Amino acid sequence: MTRHLLLPTTARKRGSNGGGDPVDPTDPGETVWTPPTVADQRVMSLRPSLPPTDTYTISATGLMPDGSAADFTTFTAAYQIVGTAPGRALHMAITGRTVIDPTCRIDFYVAPGTYDQEGSGTPGPPTYTAYYALDPTPHSTVLRWGQENGGPFYWEGIDIVNVDNNGAFDPKYPLHGHAGGTTILTRCTLDNQAPQAGGYPIAIGMDGGINATFVMHDVTLASGEWTNIHGWPNWPAGPGQTTIFSNVRSPQASAYYYAMQDVSQDHLWVTGSTFGGVGMRGAATSLHVTPDTTIGNLTSYTGHAPNTTGATMTGVTDMAANPADVPYPTGGLSAWERQHYGITA
């Protein structure tokens, strides 16, 4: 039986017995894994702050940096444990939860290396999971297989390259996101190297979610001419999605969001970034660009326009937004998600 619920919020405990078996955290022979300390305080504040219910390790060689056996050698295999993780099941039973929420997060610590034996199909991070590269050196940890997540997750320090899947349509992008809650990618590079993929050469695509927040901070988008992030035609009037590009580098692409209608109040924030252009479509959407952002001279996917010709623009276009107003999540959660679940930690 896992006892991770007893851990303080600063601890990250897991075993060195391999096989996806979380161990008793009172065992002095076990390794305590923690995310690497980085100088970027934004990263430190974005990291999830609630304690995980379970923790596991991933290593392409099967061995962690301390010589202990990793639980998994591929991300695809690691994802499979989430449905049966004992700590999450115990937590939900004790608290009477029937739906997975941020208090049920599972953490994965990833050894440096290249992960290129992911098999086939479109695996991706399950809902409320977090992934930390143990080596903070850029590009020291690389996953060479496109991902398709099932819900909110946290991802730090692991590059994703979409490689050709024998000419298959999917995976479409390095990450094909499905928004909901708070999703954060930081300290990584996304690159689409699969010419046959359905989304080539775009580096990031996301199906939006109402009240969702999607953040990319300190991320390089190495390919593609725009970011394919969008809402849905059937969204009602009212809150939409908040998307934040913070210190994102993609001089060849436009930071782009498409509401697909004229009533949802979506927000796109671009701060401290470098893009070839910045664009948003939807009459009720709001575009916020801070002065420390560099915008090139792309004409495609640049500007702020309604979805339907002639629709009255009710959103705002602010090309001199205050960086202090960017609604960054803290502790891995947006303000909306904290309020929704009653989380104060």
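Reader: Which residues touch the most other members of the largest nonpolar core?

Author: Welcome! In this predicted model, the largest nonpolar core has 64 residues, and F75, F108, W155 and M216 touch the most other members.

Reader: Let me pick one of those. What does W155 touch, not counting residues up to four places away in sequence?

Author: Leaving out residues up to four places away in sequence, W155 touches F75, Y79, P125, Y131, L143, I160, I184, L185, T186 and C188.

Reader: Let's step back to the whole chain. How many helices and strands does the protein chain have?

Author: The secondary structure comes to four helices and 20 strands. Buried residues make up 57% of the 345 residues in the protein chain.

Reader: What radius of gyration would a compact globule with 345 residues have, and what does the protein chain have?

Author: A compact globule with 345 residues would have a radius of gyration near 20 Å; the protein chain has 20 Å, so the two agree. Along its principal axes, the C-alpha trace spans about 65 × 45 × 35 Å.

Reader: Among contacts between residues at least 6 apart in sequence, how many join residues at least 24 apart?

Author: In the protein chain, 68% of those contacts join residues at least 24 apart.

Reader: Which strand do bridges join to β1?

Author: Five bridges join β1 to strand β2, residues 106–110, and the two run parallel. To follow one of them, look at T57, whose bridge partner in β2 is Y109.

Reader: Where is H176 found, and is H176 buried or exposed?

Author: H176 has 9%, so H176 is buried. You will find H176 in strand β9, residues 175–178. A polar contact of 3.5 Å joins the side chains of H176 and E148. Leaving aside neighbours within four places in sequence, H176 is also in contact with other residues, including Q147, N149, G205 and D207.

Reader: What about a residue in a loop, such as I202: what does I202 touch?

Author: I202 sits in the loop between β10 (182–193) and β11 (204–207). With a relative accessible area of 5%, I202 is buried. Not counting residues up to four places away in sequence, I202 touches Y173, P174, N192, S223, G224, E225, W226 and N228. The C-alpha atoms of I202 and N192 are separated by 6.3 Å, and these residues are 10 apart along the chain.

Reader: And how does I295 count at 33% relative accessibility?

Author: At that value I295 counts as partly exposed. The place of I295 is in strand β18, residues 294–295. The C-alpha atoms of I295 and F275 are separated by 5.1 Å, although the two residues are 20 apart along the chain. Besides F275, the contacts of I295 include G276, G277, V278, V289 and M319, leaving aside neighbours within four places in sequence.

Conventions:
Residues numbered from 1 in each chain as written. Predicted model: local features only at pLDDT ≥ 70, side-chain atom pairs only at ≥ 80, totals over all residues. Heavy atoms only, no water. Pairing = 2+ DSSP bridges. Buried < 20%, exposed > 50% of the residue type's maximum accessible area, 1.4 Å probe, protein only. Polar contact = N/O pair within 3.5 Å; in protein donor to acceptor, adjacent residues only side chain to side chain. Contact = heavy atoms within 4.5 Å. Rg over C-alpha atoms; globule rule 2.2 N^0.38 Å. Core = buried A, V, L, I, M, F, W, Y, C linked by side-chain atoms within 4.5 Å.
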